[in-house]
Amino acid sequence: MEDSSPRPLAIIKAGDTFGPLREQRGDFEHWVLAGLGPIGLPVVVLDPRRGDTLPPPAQISGAVVTGSHEMVSHREPWSEATGAWLAQLVAHRTPFLGICFGHQLLAHALGGEAGNHPGGPEIGTVPIELTPEAADDALLRGMPARFDAQVVHWQSALRLPAGAVRLAGNAFEPHQAFRVGPRAWGLQFHPEFDAEVMRGYVDHLAAELRALGTDPDVLRTRVAGTEAATGLLRRFACIAEAHETAAAPA
């Protein structure tokens, strides 16, 4: 008898947040899971850094790759293997969402380029502007043309893969969001961060920011809620649920 159980959505844990913040608020995978909302799918958390096997695309309803303090350009074996797996997901049209590190890894895995942003880090609550192409995008359509999001990154998707559709950017980072194929997205910003988490990052990085000539106190006062950006996780959950429903046997 064919198994009619829904296929799980996989959260791929690519990194860990800072210890003190993790003790207070949990880690990347917990924030992503909370943002997905009351999802009608089982959820599994897999960590390729510890050797977890990533499932074939046909065995999952979708996947999210979290942020990380690692760098895509370092090309660690686990990161490169995860990138090759992402390429399989895209080819299979399995819904995929890459956040920050995951966004950059998606670009790298499909022939784009990830590396240090020439302007240095981008940290705090920043404005994001949609491109005209976002109006017809399954994830971003209906979003405000301009909305705030939380960011913390030193590296970027410097060059998008061939055929990618740029969906959002800002004055500092032109590639804040892109899509490849019909169901794979990269977001440079962090929809899973709330204001408290963002302030935690600014506080933890304060000395480093001062050394770079940035005032962390100013950044901290500018941190605000980002409800529109946060809602993208729930939107992605709905896309994965719809994909699973369409694939379910009659």
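Biologist: How do strands β3 and β4 pair, and over how many bridges?

Modeller: Strands (E, at least two residues) and helices (H or I, at least four) are DSSP runs numbered from the N terminus, and two strands pair if DSSP finds at least two bridges between them. Here β3 (residues 62-65) and β4 pair in the parallel sense over three bridges. Val65 has Gly98 of β4 as its bridge partner. Between β3 and β4 the chain passes through helix α3 (residues 77-92), a right-handed β-α-β crossover: with the strands pointing away from the viewer, the path from the first strand over the helix to the second runs clockwise. This is a predicted model, where local features need pLDDT of at least 70, side-chain atom pairs count only at pLDDT 80 or more, and totals for chains, interfaces and linings use all residues. Residues are numbered from 1 along each chain as its sequence is written, and side-chain values use heavy atoms, without hydrogens and water.

Biologist: Which strand pairs with β4 over four bridges?

Modeller: That is β11 (residues 184-187), again parallel to β4. Ile99 stands opposite Leu187 of β11.

Biologist: Which way do the residues of β4 point, and are they buried or exposed?

Modeller: Buried means under 20% relative accessible area, exposed over 50%, and partly exposed in between (1.4 Å probe, protein chains only). In β4 (residues 96-99), Phe96 and Gly98 point one way, Leu97 and Ile99 the other, and all are buried.
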